[in-house]
Amino acid sequence: ARLKDLVLMGGNINGRGNVTPSGEFNFYSDPEAAHIVLNSYKGVLIRAIPWEPCINELGISYDEWDKIMAIPTERGKFHAAILATSTENEKAEKTYSSQYHTCDPFALMVAIHSKIVLESEDVYATLELHGQTTRGQMVCDYG
């Protein structure tokens, strides 16, 4: 297989969700697809950037975020347009803290420059597909 490494943003490691009490948006939105990704790529290193580090450690001050959103290039304007609603909502609600939390770009950074990861753990992970309250939750085996 040509694919050797896969980086994704999705799941959670402590059962803390953002769309349900235990479901992170990306995995909750299509748990069957996430299950296939986590369980079908034998021999491929899958690095999941889970929800909790994104909200606990990876926030960007709103002042910095506003500077990023104001970059006047074509790509900058596109980026600002697609994130305008989520930025406004998070600012208004201060959902997680006084910082903006943009998770997907962190996965991109890891894919481009993996040395930015200061701490990681190798675990078996799968997805809960049938739980009435835990559907879409990533389940990790730390043993």
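## Basis of the model

The model is predicted, with local features requiring pLDDT of at least 70 and side-chain atom pairs counting only at pLDDT 80 or more, while totals for chains, interfaces and linings use all residues. Residues are numbered from 1 along each chain as its sequence is written, and side-chain values use heavy atoms, with hydrogens and water left out.

Asn12 sits in the loop between strand 1 (5-9) and helix 1 (25-29), where helices (H or I, at least four residues) and strands (E, at least two) are DSSP runs numbered from the N terminus. Asn12 counts as buried because its relative accessibility is 0%; buried means under 20% relative accessible area, exposed over 50%, and partly exposed in between (1.4 Å probe, protein chains only).

The side chain of Asn12 reaches the backbone oxygen of Ser22 at 2.8 Å, and a polar atom of that side chain lies 3.4 Å from the backbone nitrogen of Met138. Leaving aside residues up to four places away in sequence, Asn12 touches several others, among them Gly17, Pro50, Trp51 and Gln137, contact being heavy atoms within 4.5 Å.

In helix 6 (residues 104-112), Phe106, Ala107 and Val110 are buried. Seen down the axis of helix 6, its buried residues fall within an arc of 100°, so they line one face of the helix; the arc is that of the directions from the helix axis to the C-beta atoms.

The cover over the buried residues of helix 6 includes strand 1, strand 2 (45-49) and helix 3 (51-56), whereas the face turned away from the buried side carries the exposed residues Leu108 and Ile112.

How values were computed
A polar contact is a pair of N or O atoms within 3.5 Å; within protein, one must be able to donate a hydrogen and the other to accept it, and residues adjacent in sequence count only if both atoms are side-chain atoms.
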